[in-house]
Amino acid sequence: MYAYSYSAINTSDRPIEISINLIDKSKNMMFVPKAGKVIKVIQPGAMEFLMHSISDPTCESFGKKCSVQARFV
């Protein structure tokens, strides 16, 4: 079993909106939050937790891919 945590740090001087999507391209994974997608606004200089993922313990294999997008807000 494998587990991953995802976070983001805003090193700019402007707020950013970050979106992470793990559910569309991953296989045999479980997510917290369950939706497997998160959108958050992160203030300048801040670090934010985004999500956790874990390989499904009932499966013999898994695949993990994510899509991340960020933009100034």
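**View 1. At 28% relative accessibility, E48 counts as partly exposed.** The model shown in this and the following views is predicted. E48 is the partner of K40 in a salt bridge, with the closest N and O atoms 3.8 Å apart. K40 is also partly exposed, its relative accessible area being 27%. The salt bridges of the structure number three, and the other views of charged pairs follow below.

**View 2. E17 and R71 form a salt bridge.** The closest N and O atoms of this pair are 3.1 Å apart.

**View 3. K37 and D24 form a salt bridge.** Here the closest N and O atoms lie 3.9 Å apart. K37 sits in strand β4 and D24 in the loop between β2 and β3, so the pair ties together parts of the chain 13 residues apart in sequence. K37 is partly exposed, with a relative accessible area of 45%, whereas D24 is exposed at 54%. Side chains of opposite charge can pair when their charged atoms come close.

**View 4. An open sheet is formed by three strands in the order β4-β2-β6.** The pairing in this sheet is antiparallel. Strands β4 and β6 (67-72) are the edge strands, each pairing on one side only. From one strand to the next, the twist averages 15°. Strands of a sheet pair through backbone hydrogen bonds, either parallel or antiparallel.

**View 5. Strand β2 is joined to β4 by six bridges.** The two strands run antiparallel. I18 stands opposite K40 in β4, and K40 also takes part in the salt bridge with E48. I20 stands opposite V38 in β4. I18, I20 and V38 are among the residues of the largest nonpolar core.

**View 6. Strand β2 pairs with β6 over six bridges.** The sense of this pairing is antiparallel. S19 stands opposite Q69 in β6.

**View 7. The largest nonpolar core comprises twelve residues.** These are Y6, A8, I16, I18, I20, L22, M29, F31, V38, I42, L50 and M51. At least two core residues come from each of β1 (3-9), β2 (16-21), β3 (29-32), β4 (37-42) and β5 (47-55). Strand β2 provides the largest share, three residues.

**View 8. F31 is a member of the largest nonpolar core.** Leaving aside residues up to four places away in sequence, F31 touches L22, I23, S26, G36, M51, H52 and S53. Of these contacts, L22 and M51 are listed in the core along with F31.

**View 9. The structure has zero disulfides.** A disulfide requires cysteine sulfur atoms within 2.5 Å. For C59, the nearest cysteine sulfur is that of C66, 20 Å away, and C59 is in no disulfide. C66 is likewise in no disulfide, the sulfur of C59 being its nearest cysteine sulfur. C59 is partly exposed at 29% relative accessibility. C66 is partly exposed too, with a relative accessible area of 40%.

Key:
Residues are numbered from 1 along each chain as its sequence is written. This is a predicted model: local features need pLDDT of at least 70, side-chain atom pairs count only at pLDDT 80 or more; totals for chains, interfaces and linings use all residues. Side-chain values use heavy atoms; hydrogens and water are left out. A nonpolar core is a set of buried Ala, Val, Leu, Ile, Met, Phe, Trp, Tyr and Cys residues joined through side-chain atoms within 4.5 Å. Buried means under 20% relative accessible area, exposed over 50%, partly exposed in between (1.4 Å probe, protein chains only). Helices (H or I, at least four residues) and strands (E, at least two) are DSSP runs, numbered from the N terminus. Contact means heavy atoms within 4.5 Å. Two strands pair if DSSP finds at least two bridges between them. Axes are lines fitted to C-alpha atoms, for helices over the stretch in contact, and angles run from 0 to 180 degrees between N-to-C directions. A salt bridge is a side-chain nitrogen of Lys or Arg within 4 Å of a carboxyl oxygen of Asp or Glu.
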